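Me: Please put the structure up, and then take my questions on it one at a time.

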Amino acid sequence: MGITIGIDIGGSTTKIVGIRDGEILAPLMVRANDPIASLFGAFGKFIDANSLALTDVEKVAVTGVGASSMDKPIYGIPTFRVEEFLANGLGGLYLSKLDEAVIVSMGTGTAFVRADRDGIRHLGGSGVGGGTLLGLSGLMLNIRNIDILIDTAKDGDLGKVDLTIGDISKNQIGNMPEYITASNFGKLSDLADKADIALAIINLVFQTIGMLAVFASREFGQKEAVLIGNLSRIPYCREIFNGLELLHGFKFVIPEHSEHATAVGAALAVINGRECVRL
């Protein structure tokens, strides 16, 4: 059987994977400002990295914001455009090996979909995401590179920026321990340095996304959600979501290849004959 390639064309990065006989082939990512340039760059890099010929590729599936720029097949190979929310849901379930879940796609913004074996439903979204991280860090710290932001935050102290339950009450409130955030940036000190603020920005974004995921999942009586997208691979992601898990008796699943889940889902949509548009 030939390979089906899934490509997620984002605003700044393009992810690509191949699926053959149910196996995911070496996923990779490229960065480029132009979606078409990043598409063909990723495709060529994938073909070369896996020592493939064009004849090895049976079908190509494209999704993401940049897929709207596509109007013809790639190198004459049957090419299909897959709706992004469908790709999020299919990829999230496949990688997590769950039968049903709320899938949280953390990119420039954040999208929430409910996925089960019967279908995919878009629940809504939030403008809080990777764009928020870089926008705030650029404004407050003059840092516009995610890797530099992460490195800067490593010695940060949230106690100099965030207001906690312990700061406002001598007694425990409900089931909330004293270390729980009462207000992001609610105790910003003049002593706070770049590391403290960098960590607080990351904390604000992930806590906001995490709480929205908890609320969305509760609507379906579920106690777990699947995190996908580029932000799911940031080191602080797991740490911050662990805190939310303990507080809410909830589970956040970050599967292997989570940053490539949408590309995986696009390929699966074509393989499984789901609704898509042939270019």
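Me: Which residue just after α3 takes a positive phi?
Reply: This is a predicted model, in which local features need pLDDT of at least 70, side-chain atom pairs count only at pLDDT 80 or more, and totals for chains, interfaces and linings use all residues. Residues are numbered from 1 along each chain as its sequence is written, and side-chain values use heavy atoms, with hydrogens and water left out. Helices (DSSP runs of H or I, at least four residues) and strands (E, at least two) are numbered from the N terminus. Just after α3, the residue with a positive phi, about 60°, is Asn142.

Me: How far apart are the end C-alpha atoms of helix α3?
Reply: The expected span of a helix is 1.5 Å times one less than its number of residues. Helix α3 has 12 residues, 130-141, so it should span 16 Å. The distance between its end C-alpha atoms agrees with this, at 16 Å.

Me: What covers the buried residues of α3?
Reply: Buried means under 20% relative accessible area, exposed over 50% and partly exposed in between, with a 1.4 Å probe and protein chains only. In α3 the buried residues are Gly130, Thr132, Leu133, Ser137, Gly138 and Leu141. Their cover includes α4 (146-153) and α6 (194-218).

Me: Is Ile77 buried or exposed?
Reply: Ile77 lies in the loop between β4 (57-63) and β5 (79-81). Leaving aside neighbours within four places in sequence, Ile77 is in contact (heavy atoms within 4.5 Å) with Phe43, Leu54, Val57, Glu58, Lys59 and Val60. Because its relative accessibility is 6%, Ile77 counts as buried.

Me: Which residues lie nearest the centre of the largest pocket?
Reply: On a 1 Å grid over the protein atoms alone, a pocket is an open set of points where a 1.4 Å probe fits, with protein on both sides within 12 Å along at least five of seven lines; lining residues have an atom within 4 Å of a point. The lining of the largest pocket divides into 11 nonpolar, 17 polar (Gly among them) and 8 charged (Asp, Glu, Lys and Arg) residues. Of the 36 lining residues, those nearest the centre are Ser12, Thr13, Gly107, Thr108 and Asn230.

Me: Which element gives the largest share of the lining of the second largest pocket?
Reply: This pocket is lined by 26 residues, with Tyr179, Ile180, Thr181, Asn203 and Gln207 nearest its centre. The elements that give two or more residues are β10 (181-183), α6 and α7 (235-248). The largest share, 7 residues, comes from α7.
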